[in-house]
Amino acid sequence: MIVEVINTGTELLLGEILNTNFQYLSRHLNNMGFDVLYQTTVGDNAPRMKQSVLHALERADIIIITGGLGPTRGDITKDTIVEICGLECYLDLDTWGRIDAFFTKKGSCVPANNDKQAMIPVGAEILQNDVGTAPGLFICYQNKYLILLPGPPAEMTDMCEKQLWPLLEKKFGSQGIILSRTLHLRGIGESLTAEKIDDLIIEQSNPTIAIYARHGEILIRLTAKAETRQIAGAMLDDYEKLIRKRLPQYIYGVDDESLPAILGRKLLENKKTVAFAESCTGGLASSLVTDIPGSSEYLLGSAVTYTNEIKNRLLNVQQETLQEFGAVSRETACEMAVGARKLFTSDYGVSITGNAGPGESENKPVGLVYIAVATEKVVYCQEHYFHHSRVENKLRIALTAISMLLNKINQENDLEE
């Protein structure tokens, strides 16, 4: 069955809040086998909302609308649906009792305008709200289905888990399964990735293949639709094998396997430890590593050495180096990596120094970064240029540093073999 999700709220159009509701709904609906083919966001404007719903009714079997079920005049979703479907409303005493109990529990009286939330369209099934006051609604209209859900994410997700998902399964039975798998690649661009698997992309039907870039890495998403999870999983296995044959050296992880997680696993396998010295990233690389449970087994410490004075005092970067080459230099990065390794007595020392932007520093261009990895015997250093916003640059730089250390560990393992 085809699903369209309509998210209401002018705040979404203004970009004031992130639309996490659609992400949650889409993932769960796809996992249940429903085809989520359309998404619409519309502001708190009755004519435009009506137009959006009417358009959705032309192309979808199920329309899920989030938001606009509150007690104020700006909450117009239910009124719009009532008008479209030509329905009358009645005061549902059970819903009113739940609203009354909600405010009583908080030690306050029910505001007069909350009776609006207890007005239920005739024939609608009520989806109970255990977190807030706005009930959800399930309405059948001209062989289509309109589902109204509250906008606050906590209320919506609770209602879906307890009410909507069981109801959809009861009414529509098994829709099969839509299963996705994401391959994470590094060290290769989007164009070359597409070129390597171009024939698979041209011939795709089921599973489908999508390539996109994110934070300096390439993602290949495989999506299969089948009757069962086992069949879909087998289909994805076959396609993953084909892609791995084309791109064996670039794929580092699958689904939620992040670079920091892979690095942690490698460090544990090799019984090695690491320490970081960060300047322009402000400790972000270390933070990403510590996002992984158990990282205390291999991350011994981290130093944010933002000024030249601290680079010298804490990491023993020589004054002569800073004066001659500057903080953003290959020479400083190497001394920082060595200093971090000695300071924390780790097997590896990783340093990051550069200019994340937006303005020039030391007459060095924005985006110029040096990353170094120090071992007991040698120091590796790479020069990079990043051309995004300051925040995006910091994340890409941190991930590049983690990737560089991972490369060095893999190279050492290959030499030992």
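Select helix α6, residues 153-172, where helices are DSSP runs of H or I with at least four residues and strands are runs of E with at least two, numbered from the N terminus, and colour its buried residues, among them Glu-155, Met-156, Cys-160, Trp-165 and Phe-172; buried means under 20% relative accessible area, exposed over 50% and partly exposed in between, with a 1.4 Å probe and protein chains only. This is a predicted model, in which local features need pLDDT of at least 70 and side-chain atom pairs count only at pLDDT 80 or more, while totals for chains, interfaces and linings use all residues. Residues are numbered from 1 along each chain as its sequence is written, and side-chain values use heavy atoms, leaving out hydrogens and water.

Staying on α6, centre the view on Cys-160, where there is a kink of about 50°, the bend at a residue being the angle between axes fitted to the seven residues ending there and the seven starting there. Just after the helix, Gly-173 takes a positive phi of about 65°.

Next, show what covers the buried residues of α6, including α2 (20-31), β3 (62-66), β6, β7 and β8.

From that cover, pick strand β7, residues 136-141, which is largely enclosed by the rest of the structure because five of its six residues are buried. On one pairing, β7 joins β6 (residues 125-127) in the antiparallel sense over three bridges, with Phe-138 as the bridge partner of Glu-125; two strands pair if DSSP finds at least two bridges between them. β7 also pairs with β8 (residues 144-149), again antiparallel, over five bridges, and here Cys-140 has Tyr-145 as its bridge partner.

Finally, select Gln-142 in the hairpin of β7 and β8, which has two residues between the strands, and find its positive phi near 50°.

Methods: The expected span of a helix is 1.5 Å times one less than its number of residues. Contact means heavy atoms within 4.5 Å.
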